Amino acid sequence: MCSSGNGAAESGSPSSSPSNMEKYLCDLLLDQSQPISERFRALFSLRNLKGPGPRLALIQATRDSSNLLAHEAAFALGQMQDVDAIPALEAVLKDLSLHPIVRHEAAEALGAIGLESNIPLLESSLVSDPAQEVRETCELALQRIEELKTSSSDDKSSIKEKSPFMSVDPATPASSCSSVDKLREVLLDEERGMYERYAALFALRNQGGEEAIFAIIDSLGANSALLKHEVAYVLGQLQNKAASAALNNILKDVNEHPMVRHEAAEALGSIADDESVALLEEYAKDPEPIVSQSCEVALSMLEFERSGKSFEFLFMQAPHVH
């Protein structure tokens with residue numbers, strides 16, 4: 001772990017001034033010579049700070065050589081619901097030279113921000129982007145914006161509000177009146193639209209309980225990499241050890257989409273049983289950087305948690321990685 005033993009980080013440690021802290025974190029985020037775990041700590045802290053300085057640094061990070069960091073920066077801008085980040089996010093979505101995981105996250109961020117002016121670009125990418133996971137994300141984002149557009153003011157605020165897990169979800173959870181069996185049926189139905197399946201997923205997450213957990217685990221067999229990556233993310237939010245075996249299998253599967261394996265790694269870091277930690281240590285050497293870096297970040301976050309320290313520099317509550 002490099003946070004306390006890194007001479008460069010120590011020598012550049014900021015004074016207590018907020019402006020110095022902000023500059024330090026922006027510089028650390030963008031310093032490609034630093035370990036990925038250190039840069040993620042800076043990213044999480046900047047996401048909580050908000051404002052023009054953090055926004056600019058996060059926008060620059062969306063073009064980073066680490067696809068994992070770049071996609072997390074786009075995710076952060078969406079979670080911050082920062083309207084001023086829209087032009088940069090649109091440029092990322094349109095740039096086909098960027099990894100699909102980064103373009104997907106830009107599309108999701110545009111949906112999270114929720115402005116109608118984002119619709120034309122999302123509609124264009126829905127039909128033209130070569131990556132299925134990006135097209136499916138555009139479908140989700142468009143439906144979320146449409147839902148906001150047609151809602152009453154009370155409904156609108158409930159759509160915009162964060163979930164009980166402190167995340168801005170890509171879909172509004174399905175009705176809490178729905179039974180677990182009904183939600184499971186929708187989630188596993190390959191004929192249903194992506195938004196409806198996501199809505200069922202988040203409703204099951206919010207309901208919790210063993211039956212709901214196992215319904216969510218069952219959906220790791222879905223055809224869509226996008227849905228599976230969100231399922232793994234939700235299992236990380238729930239931190240239920242019942243999901244460990246299924247997530248272990250996802251991480252081990254070298255034929256699985258890297259975005260799904262990445263989320264499985266992050267979720268295993270949240271669950272943190274002995275077998276999961278051993279697996280993360282093994283796959284921190286995976287040849288796919290999105291996967292190996294995810295394992296490295298998950299292990300670093302876990303080490304901080306076990307030592308009783310916050311993973312973030314500013315000792316705020318750390319948001320979940322996406």
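This is a predicted model: local features need pLDDT of at least 70, side-chain atom pairs count only at pLDDT 80 or more; totals for chains, interfaces and linings use all residues.

Residues are numbered from 1 along each chain as its sequence is written, and side-chain values use heavy atoms, with hydrogens and water left out.

So, the overall picture. We have 18 helices and zero strands; both are DSSP runs numbered from the N terminus, helices being H or I with at least four residues and strands E with at least two. The chain has 322 residues, and 56% of them are buried. By buried I mean under 20% relative accessible area, with exposed over 50% and partly exposed in between, using a 1.4 Å probe and protein chains only. Contact means heavy atoms within 4.5 Å. Of the contacts between residues at least 6 apart in sequence, 69% join residues at least 24 apart.

Now helix 5, residues 67–79. Its end C-alpha atoms sit 18 Å apart, which agrees with the 18 Å its 13 residues should span at 1.5 Å a residue; that expected span is 1.5 Å times one less than the number of residues. Twelve of the 13 residues are buried, so helix 5 is largely enclosed by the rest of the structure. Among the buried ones are H71, E72 and Q79.

What does helix 5 pack with, and how do the axes cross? Helix 4, residues 52–61, comes within 8 Å of helix 5, axis to axis, and the two cross at roughly 140°. Axes here are lines fitted to C-alpha atoms, for helices over the stretch in contact, with angles from 0 to 180 degrees between N-to-C directions. That makes the pair oblique, since under 35 degrees is roughly parallel, over 145 roughly antiparallel, 65 to 115 roughly perpendicular and the rest oblique. On the helix 4 side the contact uses R55, L58, I59 and A61, and on the helix 5 side L69, A70, A73, A76 and L77. By class that's eight nonpolar, no polar and one charged. For the classes, Ala, Val, Leu, Ile, Met, Phe, Trp, Tyr, Cys and Pro are nonpolar, Asp, Glu, Lys and Arg are charged, and the others, Gly among them, are polar.

Next pair: helix 9 and helix 12, residues 194–207. Their axes are 9 Å apart at about 75°, and they are therefore roughly perpendicular. E136, E139, L140, Q143, R144 and E147 of helix 9 meet M194, Y195 and Y198 of helix 12. This contact comes out at four nonpolar, one polar and four charged.

Finally, the loops. K50, between helix 3 and helix 4, isn't a glycine but has a positive phi of about 65°. Q81, between helix 5 and helix 6, is also not a glycine and has a positive phi of about 50°. K50 is partly exposed at 43%, and Q81 is partly exposed at 28%.

Buried or exposed, then, for P130? At 60% relative accessibility, P130 counts as exposed. P130 is in the loop between helix 8 and helix 9, and beyond four places in sequence it touches L96, R103 and R135.
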